[in-house]
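Hi everyone, thanks for coming.

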Amino acid sequence: MVSADLVRTVVGITGNIISLLLFMSPVPTFVQIWRKKSVEQFSPAPYLATLINCMAWVLYGLPMVHPNSTLVWTINGTGVAIEMIYLLLFLIYSDKKRRFKVLQIVLVEVVSIALLATLVLTLVHTTKKRTAIVGIVAIVFNTMMYASPLSVMKIVITTKSVEYMPFYISLASFANGVAWSAYAFIKFDPFILAPNGTGALFAVAQLILYAVYYRSTQRQIAARQAKGDVGLSELVVN
């Protein structure tokens with residue numbers, strides 16, 4: 001008979017793979033940014049939210065905080081490195097005002113996690129209490145990560161266009177939320193289950209919007225190309 005630990009490990013590895021795909025899903029977006037030498041109307045919010053989320057889960061998965069969580073801290077450590085690269089590109093191709101704002105937020109995030117780690121590891125002396133404290137903080141940041149596209153969803157509804165809400169990020173977010181919810185459910189971990197279950201619901205909402213506004217987006221793009229008009233990003237900026 002297959003043990004629950006083995007099943008959980010397999011699900012966790014699957015979650016790692018899906019999480020890696022989620023982290024890599026913005027690559028086409030940043031290729032577009034690199035080619036155009038501009039971030040246009042793409043928001044840095046999802047990448048800033050994902051960065052602090054990953055840093056919090058790295059801390060949560062450390063043996064001195066929550067033992068036997070190697071699959072948690074390794075994938076999130078990878079996520080930290082990837083998000084740093086995205087934000088570096090965002091800084092390079094943003095205007096001065098936005099660049100300064102993004103840099104400020106990154107510094108605040110790094111200092112906040114460092115302060116949390118210092119306080120928890122020095123003042124709290126049991127892994128159970130450390131797990132609870134860091135877990136609650138991680139839930140907040142994980143929910144923020146999944147909810148970060150809400151600002152983009154508002155733009156989608158206003159413009160009736162999904163041009164700036166990449167489909168593959170929404171799809172990967174849904175798969176990621178489902179995989180980690182299953183991982184947390186097998187050997188019950190409320191700190192992983194709560195935010196990932198919520199994240200799966202947020203992703204479903206994004207996919208519904210994509211289905212609703214996909215055709216209108218294609219019509220808008222075709223109309224711009226036919227008339228030789230400027231893109232949506234230029235219209236919004238001007």
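Let's start with α3, which is mostly covered: 15 of its 17 residues are buried. Buried here means under 20% relative accessible area, exposed means over 50%, and partly exposed is in between, with a 1.4 Å probe and protein chains only. Helices are DSSP runs of H or I with at least four residues, strands are runs of E with at least two, and both are numbered from the N terminus. From first C-alpha to last, α3 reaches 24 Å, close to the 24 Å expected at 1.5 Å a residue; that expected span is 1.5 Å times one less than the number of residues.

A quick word on where this comes from. It's a predicted model, where local features need pLDDT of at least 70 and side-chain atom pairs count only at pLDDT 80 or more, while totals for chains, interfaces and linings use all residues. Residues are numbered from 1 along each chain as its sequence is written, and side-chain values use heavy atoms, leaving out hydrogens and water.

Next, serine 19, which sits in helix α1, residues 4-24. Serine 19 counts as buried because its relative accessible area is 5%. So who does it touch? Leaving aside neighbours within four places in sequence, serine 19 is in contact (heavy atoms within 4.5 Å) with Ile75, Asn176 and Trp180.

Now glutamine 41, in the loop between α2 (27-36) and α3 (45-61). Its relative accessibility is 25%, so glutamine 41 counts as partly exposed. Its C-alpha is 14 Å from that of leucine 91, 50 residues apart along the chain.
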